[in-house]
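Please examine the sequence and the structure before reading on.

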Amino acid sequence: MTNLHVTSNTERFEVRTTVDSHFGWIRTRLSLKNTMMSDLRTAISLVGFGFAIVQFYERLDKMPGASPAYIQVAPQYLGLTLIGAGVLTLVIAISHYRWGVHYLWSNSFASIAVNELQSPQLAIAILLVLVGLSAFLAVRFRLA
């Protein structure tokens, strides 16, 4: 039995207050949080790996007996690209997360929405954007 019925008015559908729809809302909310956490892990990996590549090749050049990179700026550009991709991933993830949360708290779902404490995913994502930008600037201007 479905709990969503299409209506002809301005609303896309009618949400009936049932246990099934209530738990469906909760599963959707938890799925949204899980997706955000996956995006955070991906972005952290991209930023960290990009920064590590730059640091590794800078130290490799100083090691005795090691030959320098064929293209000297390639590791720095690769690191910057990975860091930039991580920051871009976070910005897109924040945008999708905010859209999803606003949609789940819209008037259509008011009857089945669950009051909850604020989740830290959004704050952590914003903090990681700042960390990623500072890593990007540090690599770009050789402050690291």
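## Burial of Gln121

A residue counts as buried when its relative accessible area is under 20%. The model discussed here is a predicted one. In this model, Gln121 has a relative accessible area of 9%, and it is therefore buried.

Gln121 belongs to helix α3, which covers residues 121–140. Leaving aside residues up to four places away in sequence, Gln121 is in contact with Lys33, Met36, Met37, Leu40 and Tyr97.

## Packing of helices α1 and α2

How are α1 and α2 oriented relative to each other? Helix α1 comprises residues 19–62, and it packs against α2 at an angle of about 165°, with the two axes 8 Å apart. Angles over 145 degrees count as roughly antiparallel, and α1 and α2 are therefore roughly antiparallel to each other.

The crossing in which α1 passes α2 is left-handed. In the contact of α1 with α2, the residues comprise 24 nonpolar, 7 polar and 3 charged ones.

Leu80 is located in helix α2, which covers residues 74–104. Is Leu80 buried or exposed? With a relative accessible area of 8%, Leu80 is buried.

Apart from residues up to four places away in sequence, Leu80 touches Phe136, Val139 and Arg140. Leu80 and Leu137 are separated by 57 residues in sequence, while their C-alpha atoms lie 8.9 Å apart in space.

Notes. Residues are numbered from 1 along each chain as its sequence is written. This is a predicted model: local features need pLDDT of at least 70, side-chain atom pairs count only at pLDDT 80 or more; totals for chains, interfaces and linings use all residues. Side-chain values use heavy atoms; hydrogens and water are left out. Helices (H or I, at least four residues) and strands (E, at least two) are DSSP runs, numbered from the N terminus. Buried means under 20% relative accessible area, exposed over 50%, partly exposed in between (1.4 Å probe, protein chains only). Contact means heavy atoms within 4.5 Å. Axes are lines fitted to C-alpha atoms, for helices over the stretch in contact, and angles run from 0 to 180 degrees between N-to-C directions. Angles under 35 degrees count as roughly parallel, over 145 as roughly antiparallel, 65 to 115 as roughly perpendicular and the rest as oblique. A crossing is left-handed if the near helix is turned anticlockwise from the far one by less than a right angle, and right-handed if clockwise. Ala, Val, Leu, Ile, Met, Phe, Trp, Tyr, Cys and Pro count as nonpolar, Asp, Glu, Lys and Arg as charged, and the others, Gly among them, as polar.
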